[in-house]
Amino acid sequence: MDKEYVGFAALPNQLHRKSVKKGFDFTLMVAGESGLGKSTLINSLFLTNLYEDRQLPEASARLTRTLTIERRGVEIEEGGIKVKLTVVDTPGFGDSVDCSDCWLPVVRFIEEQFEQYLRDESGLNRKNIQDSRVHCCLYFISPFGRGLRPLDVAFLRAVHEKVNIIPVIGKADALMPKETQALKQKIRDQLKEEEINIYQFPDCDSDEDEDFKRQDAEMKESIPFAVIGSCEVVRDGGTRPVRGRRYSWGTVEVENPHHCDFLNLRRMLVQTHLQDLKEVTHDLLYEGYRASCLQSLARPGARDRTSRSKLSRQSATEIPLPMLPLAETEKLIREKDEELRRMQEMLEKMQAQMQQSQTQGEQSDTL
Amino acid sequence: MGKLRLRQIPDQLKVIELIIQKRGPESGPLTQGSAYARARAEARRARATSPPPRDSRAHRRSLLPRSPAPRPRPSLEGLPEARTDAAMSELVPEPRPKPAVPMKPVSINSNLLGYIGIDTIIEQMRKKTMKTGFDFNIMVVGQSGLGKSTLVNTLFKSQVSRKASSWNREEKIPKTVEIKAIGHVIEEGGVKMKLTVIDTPGFGDQINNENCWEPIEKYINEQYEKFLKEEVNIARKKRIPDTRVHCCLYFISPTGHSLRPLDLEFMKHLSKVVNIIPVIAKADTMTLEEKSEFKQRVRKELEVNGIEFYPQKEFDEDLEDKTENDKIRESMPFAVVGSDKEYQVNGKRVLGRKTPWGIIEVENLNHCEFALLRDFVIRTHLQDLKEVTHNIHYETYRAKRLNDNGGLPPGEGLLGTVLPPVPATPCPTAE
């Protein structure tokens, strides 16, 4: 009956309306050696042309180039929903002859975004915090190798606690189906062996229908995704036009699930897990960073918070929130200490002088 | 199934034989001069008009165990003494003495006086070389997983690479570059070839690949050193075993952008020491347009950096060679696909790769350039590869070593000087 109906079942609609008005922002990082089809894949995923004015340098120029971080933003609208997508690129990764520590700029970048968010969060005006944290990192693995290379392992180890990693095999049209399966298995084994934590898809609820569960299981089985990207439309002899690559021996279709896992990746990244990626970034990775940052700031003796479990807001408020980053605060304290000491010295000097003048005065009085 | 056509090697040698007839005490290397051109043209004509090879004989290819004793050298291979080191004469104090060669004969039209039978020497030579067999040493360099072993197996239609032996393919990437040489004897049409495949696992696979080409350069120089030692021996073997690297296939990763800095560094250091043939590996990831763009960019980069791959422009002898090699150079680096599996296509069994969107045929020129590479390396330029290695790269090394030793041959020679050790740093080559 109507008097039983309160009406808060409409809450999700209100939320939906609000978030649609606000829009979403999502930061995606792509990393991997050059020439694995990263830019083409991004263009294919989001049906844009982000890399139009890109100039590829020659090999001799790449000899001395260091890794740079480039950000490209685009606003995509679909069905009334606006997404502000930022793609972070890492040109120069794995290029040079000596790639030791070439991942450090990337790690630094991710941490800087966390720092920025931490500062904004602790600041006074929290109305319009820009979330520039990296929500997801698509790491491209070469299909020509035999699994993860030493450089891949080093990079993944450096960033796996700081960003959601989704491993992807680029240019998957180099592989026959058996080779793809063998490579995927090899990569999965290597990831387990090296204890690298990639993004774990949440298990679907038990009340979902069988079809969805099957799809979900399929998707989990096909990690790392073997993808092919293309922005060209080919007309394959009378059939309807498809996006793909035309070879002399046949045409690869990007959106054909038998040819590659592009559809799976797109569905997962955009359609079903976009929000989850943001949540995991915020609740797990960012909190982990924040805890370790604050713990090093607080006096020693504070509780150990290095566990990666979910932290609740209440426990964190016991530690004083920093107003400034660590180094600046310490500097200020030291400066203030010095000032105090100087003032004390001056005071003592003045006191001594006064005493001296007093005794002199007494002496002159008695004379 | 196609043929390797090793039988064509004696024909390539025939050309050299014709020079002996035509030139007298002229100086200059054996493979230079217009006499060479004329001789080659004659050889080609002779090939065209000669009766077709007996097809009734089955073209066998078998893997024989390595023959223990070296066969005696055929007379042809004594010929290098006839040359003077024209290019190196400024470094070597005195040229080697010329053997007794008959004066340039007055050209008698033999038809007038009856058939003499001089031209049967070609056949005699061919028989000798077929009995002796050939040495060929090919090195493959490139990152792991680019299909080096598969390609070599496909080239020689036999399981000759490291992949075929009992090596476990799941082995860890070695921490430094290793050099692994595996030898096989292949036979076809009565011609035996002792093929050695030199693999370089670990190249370019580490995080820090500085100087990873050094072990390779050292190996190549060591082979030159071995040959040099044998050559300067007082009592030397009739046929010096030739372990020098005749050809180095360098595998470029098909990124579609440009060469990687490591590729440039390797080729810069080694193009003056060994014949480098760059190939684009796993070319089935590129469409036709991407392939031609990539090849153009690679060629331009190599040119800009002064890297000469085989066939080098500076060693083209005459116009005919130049046009032939120009055509080859324009289509290099060859974009290849290798495979050791067969599939059924249009009723034929072909080597290829089967994907859900089609079957890539390795020997189909519309699909990839493997057939061009095979013809180039085996059917037309095999002998030339060996000759350039011997006449140019080896001579450069030798000249440098003699120079270091004060113009004296190394070893227990005239003054009892002992051979200095192989230099740890590679010899800078003379320009």
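## A tour of a two-chain predicted model

In chain B, three strands make up an open sheet, ordered 8-9-10, with antiparallel pairing. Strand 8 (342-345) and strand 10 (358-361) of chain B are the edge strands; each has a single partner strand, so one side of each has no neighbour in the sheet. From one strand to the next, the twist averages 65°. Please keep in mind as you read on that this is a predicted model.

Staying with this sheet, strand 9 (residues 348-355) of chain B pairs with strand 10 of chain B through four bridges, in the antiparallel sense. To find your place in that pairing, look for B:Lys354, which stands opposite B:Ile359 in strand 10 of chain B.

Chain A has an open sheet of three strands too, in the order 7-8-9 and with antiparallel pairing. Here strand 7 (233-234) and strand 9 (250-253) of chain A are at the edges with a single partner strand each, so one side of each is left without a neighbour in the sheet. Four bridges join strand 8 (residues 242-247) of chain A to strand 9 of chain A in the antiparallel sense, and A:Arg246 stands opposite A:Thr251 in strand 9 of chain A.

### The two chains in numbers

Here are the whole-chain values, set side by side.

| Property | Chain A | Chain B |
|---|---|---|
| Secondary structure | chain A: 11 helices and nine strands | chain B: 11 helices and 10 strands |
| Buried residues | chain A: 42% of 367 residues | chain B: 51% of 431 residues |
| Contacts joining residues at least 24 apart, among those between residues at least 6 apart in sequence | chain A: 68% | chain B: 72% |

### The nonpolar core

The largest nonpolar core holds 158 residues, and the members that touch the most others are A:Leu138, A:Leu269, B:Phe156, B:Leu249 and B:Phe266. Helix 4 (residues 104-122) of chain A supplies the largest share of this core, with seven residues.

What does B:Leu249 touch, leaving out residues up to four places away in sequence? Its contacts are B:Ile138, B:Met139, B:Val140, B:Val141, B:Leu151, B:Leu155, B:Ile277, B:Val279 and B:Leu373. One of these, B:Val140, also has a place in the strand pairing described next, where B:Val140 stands opposite B:Asp199 in strand 4 of chain B.

### Around strand 4 of chain B

Strand 4 (residues 191-199) of chain B is mostly covered, with seven of its nine residues buried. Strand 2 (residues 134-141) of chain B runs parallel to strand 4 of chain B, and seven bridges join them. Strand 3 (residues 180-188) of chain B runs antiparallel to strand 4 of chain B, and nine bridges join that pair. Strands 3 and 4 of chain B form a hairpin with two residues between them, and in the turn B:Gly189 has a positive phi of about 55°.

### Two aspartates in chain B

Are these two side chains buried or exposed? B:Asp263 lies in helix 7 (residues 261-270) of chain B. Its relative accessibility is 2%, under the 20% cut-off, so B:Asp263 counts as buried. Not counting residues up to four places away in sequence, B:Asp263 touches B:Tyr250 and B:Ile252.

B:Asp242 sits in a loop of chain B, between helix 6 (214-232) and strand 5 (247-252). With residues up to four places away in sequence left out, B:Asp242 touches B:Asp135, B:Asn137 and B:Phe227. B:Asp242 and B:Lys192 are 50 residues apart along the chain, and 15 Å separates their C-alpha atoms.

### Helix 11 of chain B

Our last stop is helix 11 (residues 382-404) of chain B, which has 23 residues and reaches 32 Å from its first C-alpha to its last, close to the 33 Å expected at 1.5 Å a residue. Where is the kink in helix 11 of chain B centred? The kink, about 35°, is centred on B:Glu395. Since 17 of its 23 residues are buried, helix 11 of chain B is largely enclosed by the rest of the structure. After helix 11 of chain B comes B:Gly406, with a positive phi near 80°.

Notes
Residues numbered from 1 in each chain as written. Chains lettered and ligands numbered in written order. Predicted model: local features only at pLDDT ≥ 70, side-chain atom pairs only at ≥ 80, totals over all residues. Heavy atoms only, no water. Core = buried A, V, L, I, M, F, W, Y, C linked by side-chain atoms within 4.5 Å. Buried < 20%, exposed > 50% of the residue type's maximum accessible area, 1.4 Å probe, protein only. Contact = heavy atoms within 4.5 Å. Expected span 1.5 Å × (residues − 1). Bend = angle between axes of the 7 residues up to and from the residue. Pairing = 2+ DSSP bridges. Axes fitted to C-alpha atoms, helices over the stretch in contact; angles between N-to-C directions.
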